[in-house]
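Visitor: I would like to understand the words used for this model. Could you take me through them?

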Amino acid sequence: MRLTRRDFLLASAALAAGASVSTPFFLPKCRSDRRPNRSRVAVLHAEQYCQQLGRILAEGLELFPLKLQGKTVVLKPNLVDYLPADIINTHPLLVLAAAEAFRRLGAKSVLVAEGPGHQRDTQLVLSQSGYQELLRGEKIRFVDLNRDELIRTPLRTSYTGMRELWLPRTVLEADFLVSMPKIKTHHWSGVTLAMKNMFGIVPGARYGWPKNILHWKGIQESILDLCATVPIHFVIADGVIAMEGNGPLNGTPRPLRNIVLADDAVAADAVCAALMGFAPDRIVHIREGGRFLGNSDQRHIDQVGEAIVHPTTPFRVVPEFRNLCAL
Amino acid sequence: MALTDLLAELIRRQFPCGGWSALSSSAQPALEPTSYSALVLRSRVRAAGERAYSFLLGAQNPNGSWPVFAGDDRDGSWVTSLVSIALRDLVPAMPARVKGIRWLLRTVGKEAHWFWKWKFRTSDRHVRFDPDKFGWPWFPDTVSWVVPSALAILALNQLSRSCCEFELIPSRVERGVEMLRDRACPGGGWNAGNGVVYGAAVAPHPDDTAIALLALHDRPNDPVVRSAVAYLERTGPTLTAPWSLAWTILALAAHHRPIILLREALLAIPDLLCIADTSTLALVCLALDHERSLTDLGVPR
């Protein structure tokens, strides 16, 4: 086959274009390896949302050497919107149980903070999803991260190409940030777990509803930049009733009957992905996060509590993410 | 609870610089709460209103836009429309307002660009919308969304169209209206931006719907508008959150629907004075005095 000058030029142009699109993601973007030597993940069994969650969670937290005396704890649940038959948000009873548990462990203060990604009326989401009454009853302060005071924050990695973001003071000044995602599928990112849950700290007042800039800069890339910049100290993932299908808003309930605790967000997400029947290394932000941010490799994760039960049928996903299934 | 108590609380929260922060716990003056508060106080508490206007004028970016908060980057944002509305009828603010309107006319949703139009038509079709119908983004270099587009339409409609400098206004407004109609939810009303994603209808939001209806107040016979009004009339009585309830009152009043029961429901919400979000506090004041507020928002009665 003869290669003409025209073919050569076209092929070169195509190669250059392809490289310009794909290469940036594969170049190293992290300046330092912040993976702990070992990570710990506990899978707890919880049949339903009930008052017993407090006991289950307290026992689960005993599996971790937490030192919270005098610390400010910020619980970051996943509160996206309110829809009837609410399965899209982290259940308020789990958040309440976490707040009580951390108070008992000596935290100076425990507050709940979130910036819903779709609904501008945060108070409507709180009241309709049952949060408002529970938080008020237990005198737990809530901070709307969509409208909190903002601090210009340089990003510690450069997956998105953004150099900085305006981020809420409440989160940046937290001594102990707990990501509390709902375990569910997501039609743009495959899954929404502890790392993706951090989209909620990006302020809507500054970046819009939804936080559109993160979509344009790349969802997987944005997750990595956010998690590298704002450390997640602990994870409590709500998988009692998880969600599959067309998440984050229009999926269907999938009882998983698990709560996942972890001292490493990457490890938590890897275990949650496995519980959903997915191969963690096929989820870009988990795989890439496992290179510098936390441990996604099971050999570096101490699994405590219940054993991981791989489902016989993986969580349903939109067609673009069928490759995630481990089976 | 009386309007005077809420006004007193609003004044108490004003910073010496004339601005208000978004949350009562914050010390960072922001433009959205300041715009609503300025609208509330403009004719009721003159001194506080004048300090607010002074803050708004001082915060303008060199390019004519307004930032989200004091100290923000200078590229501009969606609050430019709100500030332009708040500065309405203020003669000394006219040059600043004109600069703001010029910025709004230059700003388009990213889908207006041929490349993104082509992408949304060919490869990125999970969100159902017509990229030919574009409005305004939350901030530059992103796509159009319902709230910034509706606020921009309200702001542009307040200017005299006879001025040749603004000959683009009618076509931009019409394009924005087309965009709003295109993005409506199948069952009536509006969500943040799209009615159908991955083949599933997205649920409408009362506040987004109300703001869009204010922008479309002059099109009561449009089927999309009628359907949205019906959604808001169904949803209004179920609302317990002051932000959504206040917007709903303003929108239904603009469309000449009864709002007495909704007003009573708003007044019955406990602890209105303790609302942390200052924009909500100011909106409650606007809703409780809706006749005057609609005029201030540029919605003729």
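Guide: Gladly. In helix 2 of chain B, the buried residues are Leu31(B), Glu32(B), Pro33(B), Thr34(B), Ser35(B), Tyr36(B), Ser37(B), Ala38(B), Leu39(B), Val40(B) and Leu41(B). This is a predicted model, where local features need pLDDT of at least 70 and side-chain atom pairs count only at pLDDT 80 or more, while totals for chains, interfaces and linings use all residues. Residues are numbered from 1 along each chain as its sequence is written, and chains are lettered from A and ligands numbered from 1 in the order in which they are written.

Visitor: What makes helix 2 of chain B largely enclosed by the rest of the structure?

Guide: A residue is buried if 20 or more other C-beta atoms lie within 10 Å of its own, exposed if 12 or fewer, and partly exposed in between, with C-beta atoms placed from the backbone. In helix 2 (residues 31-41) of chain B, 11 of the 11 residues are buried, so the helix is largely enclosed. Helices here are DSSP runs of H or I with at least four residues, strands are runs of E with at least two, and both are numbered from the N terminus.

Visitor: Why is Asp141(B) called exposed, and why is Asp89(B) called partly exposed?

Guide: Asp141(B) has 12 other C-beta atoms within 10 Å, so it is exposed. Asp89(B) has 13 C-beta neighbours inside 10 Å and therefore counts as partly exposed. Asp141(B) lies in the loop between helix 6 (114-122) and helix 7 (146-157) of chain B, and Asp89(B) in the loop between helix 4 (79-86) and helix 5 (94-106) of chain B. Phi is near 75° for Asp141(B), a positive value in a residue other than glycine; for Asp89(B), likewise not glycine, phi is positive and near 70°.

Visitor: And why does Gln51(A) count as exposed?

Guide: Gln51(A) has 9 C-beta neighbours inside 10 Å, so it counts as exposed. Its place is the loop between strand 1 (39-45) and helix 2 (53-61) of chain A.

Visitor: How do you know that chain B is as compact as a globular protein of its length?

Guide: The radius of gyration, taken over C-alpha atoms, is set against the globule rule, 2.2 Å times the number of residues to the power 0.38. For chain B the radius is 19 Å, close to the 19 Å that the rule gives for 301 residues, so chain B is as compact as a globular protein of that length. Chain B has 14 helices and 4 strands, and buried residues make up 53% of its 301 residues.

Visitor: What makes the contact of helix 2 with helix 3 of chain B?

Guide: The axes of helix 2 and helix 3 (residues 46-58) of chain B come within 9 Å and cross at roughly 145°. Those axes are lines fitted to C-alpha atoms, for helices over the stretch in contact, and angles run from 0 to 180 degrees between N-to-C directions. Residues are in contact if their C-beta atoms, placed from the backbone, lie within 7 Å. Among those making the contact are Ala38(B) of helix 2 and Ala52(B) of helix 3. By class, this contact has 7 nonpolar, 3 polar and no charged residues. Nonpolar covers Ala, Val, Leu, Ile, Met, Phe, Trp, Tyr, Cys and Pro; charged covers Asp, Glu, Lys and Arg; the others, Gly among them, are polar.

Visitor: How many residues of chain B are in contact with chain A?

Guide: There, 25 residues of chain B are in contact with 27 residues of chain A. The chain B side divides into 16 nonpolar, 6 polar and 3 charged residues.

Terms used
Contact = placed C-beta atoms within 7 Å.
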